[in-house]
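I opened this structure to look up a few things. My notes follow in the order I made them.

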Amino acid sequence: MLKTNVNFAREAASLSERIVQHLKYSMGKRVSDASSEDIFYSVGLAVREIMIDSLFKTEDRYQNHNVKSMYYLSLEYLIGRSLSNNLINLGIYDICKDALKKIGIELSDLIETESDAALGNGGLGRLAACFLDSIATMGMPGFGYGINYEFGIFKQKIINGYQVEQPDYWLREESPWLIEKSHEVCIVPLYGRVEIEKDVNGDYRPFWKDWKFLYGVPYDMPIVGYGGNTVNYLRLYSARASNEFDMNIFNSGDYVKAVEQKTTSEVVSKVLYPSDTVDQGKELRVLQEYFLVSCAMRDIVRRYMKKNNSFGKFASKVAIQLNDTHPALAIVELMRILVDENGLSWNRAWNIIESTFGYTNHTLLPEAMERWPLSIFERILPRHLQLIYDINERFLKKVNKKWPNDMDRVSRMSIIEEGYSKQVRMAHLSIVGSHSVNGVAALHSKLITTDLVPDFFEMMPEKFNNKTNGITQRRWLLNVNPKLSGLISNTIGDAWITDLYKLQSLEEHQESEEFIDKFQQIKNKNKETLSQYIFDNTHIIVNPESLFDIHVKRIHEYKRQLLNVMHIIHQYYCIVEDGMTLKVPKTYVFAGKAAPGYWAAKNIIKLINNLAQIVNNDKRVNDQIKVVFLPDYKVSLAAKIIPAADVSQHISTAGKEASGTSNMKFALNGALTIGTLDGANIEIMEEVGSENIFICGLTTEEINELIKANSYDPYRIYENNNYIKRVMDSFKSDALCQKEPGLFNWIYESIVHNGDVYYHLADFESYAETQKKVELEFADKSNWTKKAILNVARIGKFSSDRTISEYAKDIWGIKKYVD
């Protein structure tokens with residue numbers, strides 16, 4: 001049973017009546033005629049009433065204290081489902097459960113009715129969602145800004161083993177959590193031209209003229225902190241055309257063009273991450289990014305000016321955090337508002353900019369560093385391009401002053417990348433315009449300064465810092481694993497819900513046979529639940545007593561799902577050709593989406609599914625191995641998978657992963673990690689102990705030495721290791737694709753003959769030996785469970801509450817305000 005909040009008990013006591021009222025008067029339905037979607041919406045509206053009351057109290061508290069607020073700008077928020085999370089954080093879960101029983105409804109069934117809010121894709125968006133939860137739980141004035149996408153990235157179907165993308169229309173049913181605020185609509189200027197003219201004082205100034213505009217209509221999603229004392233909000237903007245349609249075009253008789261123009265304008269908030277492989281896609285991406293920051297900056301300035309009549313206190317009342325480079329144009333847009341619209345001098349405006357913005361970097365991959373063609377800015381944002389040139393010119397003067405005549409360095413540090421097609425480097429803009437630049441794990445932050453932008457670090461080292469990522473335990477233990485969270489609370493109390501370090505007390509129980517037995521029973525029950533889900537969705541029968549080896553994340557070559565697959569192929573051949581028997585049966589579970597234009601990643605999904613067909617249907621395997629690919633990975637699916645994992649894989653090529661947060665979620669739920677010394681794996685190892693994690697593969701330093709010496713020869717490894725040769729030859733021989741000859745030959749070529757840029761063969765032996773160790777240790781269930789308990793007990797550092805407290809103290813300068 002979850003803890004009930006007595007502060008809301010009186011309001012929630014009438015919940016069943018409120019639900020019926022909303023069914024009747026908001027939906028026009030009787031209970032007997034209502035669908036599950038109707039009931040879900042009515043429950044959402046009833047719960048929203050309680051949230052809004054607390055939201056108003058929160059706003060009053062902030063007003064009374066004249067607080068400094070933080071605004072988090074992110075192009076994605078992977079929220080997932082909200083009903084259960086809101087009920088738990090408000091402390092009315094059991095009250096709602098009882099209220100629904102009165103009208104013959106099971107809350108657990110209703111929770112499954114809710115669609116995941118498709119406002120994000122991977123770790124970037126889920127981190128943003130965790131941060132908002134922590135900010136509200138800690139009673140801090142922090143608010144998110146994003147885009148109210150009508151369609152998510154895509155729904156993933158698997159047809160004949162291939163990923164097939166289908167529209168994810170998550171808003172097909174109206175969401176009870178979104179509150180339209182049409183009276184606070186923002187105007188977003190676009191296109192036009194810039195002319196130099198005299199202003200009212202007789203000074204020559206640039207004027208942005210003949211621009212067209214969109215409306216940004218805000219929708220607020222309340223974010224409830226645990227206990228319900230603080231409710232902040234995530235403000236999401238939907239694009240609307242400036243008029244229903246252009247009446248001049250309409251009156252001239254071109255009705256189709258008038259409607260097309262309106263439709264094109266509203267495409268801006270239509271879909272998350274349109275493909276940027278073509279020019280139109282690039283332009284739409286830039287439009288989306290500017291649409292978000294234009295609305296956000298306009299709204300932030302509006303909120304600030306309600307209590308101030310000048311910008312003198314702006315940086316002392318406003319902090320803005322850029323979640324990666326997608327919102328980097330906020331720097332330029334705020335500069336435009338300050339200089340063009342409010343007449344501030346350049347130096348005064350720039351001091352405000354630098355004091356206000358912080359930038360979080362999330363990637364070390366060069367291809368993921370955003371660069372946009374100047375031609376797009378010239379067409380869409382001509383005034384902003386001028387401002388970028390001005391910012392760059394002033395910055396490069398400082399570079400020249402520090403390093404006279406060092407033109408190579410000037411070229412490397414310039415915001416404008418020279419070349420055949422000049423581009424704007426969004427990361428450079430973010431660094432130049434921010435007072436803080438942080439990475440998201442200790443290794444990642446170090447590599448930013450040594451490998452990614454060493455020139456910037458040498459010039460302004462004081463800007464750079466680390467903020468290791470974290471996750472919210474309210475979502476990723478209390479919500480998704482109620483049996484384990486109940487055991488923990490019954491054993492050590494529930495203080496861990498708001499202070500994850502309290503889990504350390506579990507170490508005292510690692511030798512308790514009673515606790516070990518209960519812990520094992522919960523894991524087994526979670527595995528049985530996942531086994532049933534696997535059968536229902538793939539028709540594959542798996543053994544819940546087998547070792548559940550989970551690899552779920554975005555499909556990308558550097559994340560090395562392929563290394564996992566290569567090892568499974570190796571085990572398969574060892575069983576069917578060499579007569580080997582595994583120490584324990586294993587179920588390998590994969591899930592994750594590949595970007596629609598990422599051919600190699602999509603082909604890896606096909607490979608996994610082909611391998612599953614072969615392994616799962618070969619009687620010689622005798623069920624020692626099962627391979628499963630679960631389609632359409634999202635937050636609600638992660639909630640089913642993570643509590644059931646025995647081990648989770650995080651085996652990216654060292655030096656490629658910024659942090660990773662799924663590793664934290666799995667450890668929190670009692671799974672041991674198989675990982676390389678990359679991202680947050682290093683810090684997890686330091687916390688849980690090297691004996692309670694399985695580390696494999698080369699280190700970043702060892703890979704750099706291979707690169708420096710130019711000594712890595714994957715062909716030599718292939719020739720000298722018969723096991724590796726057998727695996728690689730399977731890609732060349734069509735053994736895994738008999739119906740589509742040659743389908744996987746590219747894997748053989750890219751690894752054996754074209755450099756193996758992600759070091760699969762270099763790490764294969766270490767990885768295979770580590771897997772043997774995993775199987776051997778899993779056979780000793782009692783000792784394995786002790787290790788699992790220690791992972792839970794020692795994971796306290798990786799709460800997003802800790803991360804947020806560091807951001808608040810070191811970067812944002814905001815405080816807790818709790819009644």
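**Entry 1: threonine 450**

I looked up threonine 450 and found it in helix α18, which covers residues 442-452. I am working from a predicted model. I then checked its side chain for partners. The side chain of threonine 450 makes a polar contact of 3.0 Å with the side chain of aspartate 451. I also compared threonine 450 with threonine 491. The two are 41 residues apart in sequence, and their C-alpha atoms are 46 Å apart in space.

**Entry 2: the second largest pocket**

I turned to the second largest pocket and noted a volume of about 1,300 Å³. Its lining has 40 residues, and the closest to the pocket centre are Tyr93, Asn479, Val480, Asn481 and Pro482. Which helix gives the most to this lining? I found that α21 does, with six residues. α21 covers 482-492. Other helices that supply at least two lining residues include α4 (83-90), α5 (93-101) and α22 (513-538). I sorted the lining by class and got 16 nonpolar, 11 polar and 13 charged residues.

**Entry 3: aromatic pairs**

I went through the rings next. The count of aromatic pairs is 26. One of them joins tryptophan 599 and tryptophan 746 edge-to-face, at 5.3 Å centre to centre with 65° between the planes. This pair links distant parts of the chain, 147 residues apart. Tryptophan 599 is in helix α24 (residues 599-616), and tryptophan 746 is in helix α31 (residues 745-753). I checked the accessibility of both partners. Tryptophan 599 has 52% relative accessibility, so I class it as exposed. Tryptophan 746 has 18%, so I class it as buried.

I noted another edge-to-face pair, phenylalanine 778 with tryptophan 784, at 5.1 Å centre to centre and 85° between the planes. Here both phenylalanine 778 and tryptophan 784 are buried. I also wrote down one aromatic cluster, formed by Tyr62, Tyr71, Phe143, Tyr145, Tyr233 and Tyr237.

**Entry 4: charges over rings**

Last, I looked for lysines over rings. Which ring does the charged end of lysine 527 sit over? I found the ring of phenylalanine 548, with its centre 4.9 Å away. The charged end of lysine 665 sits over the ring of tryptophan 476, 4.7 Å from the ring centre.

Methods
Residues are numbered from 1 along each chain as its sequence is written. This is a predicted model: local features need pLDDT of at least 70, side-chain atom pairs count only at pLDDT 80 or more; totals for chains, interfaces and linings use all residues. Side-chain values use heavy atoms; hydrogens and water are left out. On a 1 Å grid over the protein atoms alone, a cavity is a set of points where a 1.4 Å probe fits but cannot get out, and a pocket is an open set with protein on both sides within 12 Å along at least five of seven lines; lining residues have an atom within 4 Å of a point. Grid points are joined across faces, edges and corners, and a volume is the space filled by probe spheres set on the points. Helices (H or I, at least four residues) and strands (E, at least two) are DSSP runs, numbered from the N terminus. Ala, Val, Leu, Ile, Met, Phe, Trp, Tyr, Cys and Pro count as nonpolar, Asp, Glu, Lys and Arg as charged, and the others, Gly among them, as polar. A polar contact is a pair of N or O atoms within 3.5 Å; within protein, one must be able to donate a hydrogen and the other to accept it, and residues adjacent in sequence count only if both atoms are side-chain atoms. Rings of Phe, Tyr and Trp (its six-membered ring) pair if their centres lie within 6.5 Å; planes under 30 degrees apart count as stacked, over 60 as edge-to-face and the rest as tilted. Buried means under 20% relative accessible area, exposed over 50%, partly exposed in between (1.4 Å probe, protein chains only). A charge sits over a ring if NZ of Lys or CZ of Arg is within 6 Å of the ring centre and within 35 degrees of the ring normal.
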